[in-house]
Amino acid sequence: MTYTTAIFYFFAAILVFAGLRVITARNPVHAALFLVLAFFTAAGLWVLLEAEFLAITLVLVYVGAVMVLFLFVVMMLDINLNKLREGFWDYLPLAGFVSVLLVIEMALILGSRHFGLDVMATPEARPADYSNTKELGRLLYTDYVYAFELAAVILLVAIVAAIALTLRRRKDSKFIDPADQVKVKRNDRLRIVKMQSEKRPGVGVQDSGEGGA
């Protein structure tokens, strides 16, 4: 066993353990921390495959942004863990069947026939001036341009659907149209009215009576 193979199995074991702890941890914060560990380990595996750009992107985007936001939301919300565990054993048979089915599908797809060492050998060492980012961009915008655009459209539809599902219009809420505010002129908001001064009757008599008293 070579040095690289030993490191691969080490990271793979940690990744499998972290993935199992994500779905078995009772505390949501602990599950999120194990997911962070899984992301770091996956980044290490990508470094072994000489995909440094993807490894750095995984750490910066998912660990540095998404998981921090997820941890913040989980820690700020008052989650009732007992309520979340209700009905766990009722859905366990169905979840087990789906899990076994997924494992079988992954074994058939990721088997040695398509991903064996004879089909996908160890990548050759690249020269010092090799740009991983440039090569990734070339593949995305040439060989996989349609898949890349399709993924972008799906993400856009997901964003629009999330906004549409969470948007709630209340009848008693006040709404201001910015276009109407821009069109407003000075005469529409302010009007100066000239009025003559008036003196209220009886004020002077009342003042003199109080002085006499």
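A: **Helix 2 and its two partners**

The axes of helix 1, which covers residues 3–24, and helix 2 come within 8 Å of each other and cross at roughly 155 degrees. Because angles over 145 degrees count as roughly antiparallel, helix 1 is described as roughly antiparallel to helix 2. The crossing of these two helices is left-handed. This is a predicted model, and the description that follows applies to that model.

The contact of helix 1 with helix 2 comprises 17 nonpolar, 2 polar and 1 charged residues. On the side of helix 1, the residues involved include Ile 7, Phe 8, Phe 11, Ile 14, Leu 15 and Arg 21. On the side of helix 2, they include Ala 31, Phe 34, Leu 35, Ala 38, Thr 41 and Leu 45.

Thr 41 has a relative accessible area of 4%; since buried means under 20%, Thr 41 is classed as buried.

The other partner is helix 3. The axes of helix 2 and helix 3 come within 9 Å and cross at roughly 180 degrees, and the two helices are therefore roughly antiparallel to each other. Among the residues that make this contact are Val 29, Ala 32, Val 36, Phe 39, Ala 43 and Trp 46 of helix 2, together with Leu 58, Tyr 62, Val 63, Met 67, Leu 71 and Val 74 of helix 3. By class, the contact of helix 2 with helix 3 has 23 nonpolar, no polar and no charged residues.

The largest nonpolar core has 10 residues: Ala 32, Val 36, Phe 39, Ala 42, Ala 43, Ala 55, Leu 58, Val 63, Met 67 and Leu 71. The elements that give two or more residues to this core are helix 2 (28–48) and helix 3 (52–76). Phe 39, one of the core residues, touches Leu 58, Tyr 62, Val 63 and Met 67, again leaving aside residues up to four places away in sequence.

Val 74 and Ala 32 are 42 residues apart in sequence, and their C-alpha atoms are 8.9 Å apart in space. Both residues take part in the contact between helix 2 and helix 3.

Terms used. Residues numbered from 1 in each chain as written. Predicted model: local features only at pLDDT ≥ 70, side-chain atom pairs only at ≥ 80, totals over all residues. Heavy atoms only, no water. Core = buried A, V, L, I, M, F, W, Y, C linked by side-chain atoms within 4.5 Å. Buried < 20%, exposed > 50% of the residue type's maximum accessible area, 1.4 Å probe, protein only. Helix = DSSP H or I, 4+ residues; strand = E, 2+ residues; numbered from the N terminus. Contact = heavy atoms within 4.5 Å. Axes fitted to C-alpha atoms, helices over the stretch in contact; angles between N-to-C directions. Parallel < 35°, antiparallel > 145°, perpendicular 65-115°, else oblique. Left-handed = near helix turned anticlockwise from the far one by under 90°. Nonpolar A, V, L, I, M, F, W, Y, C, P; charged D, E, K, R; others polar.
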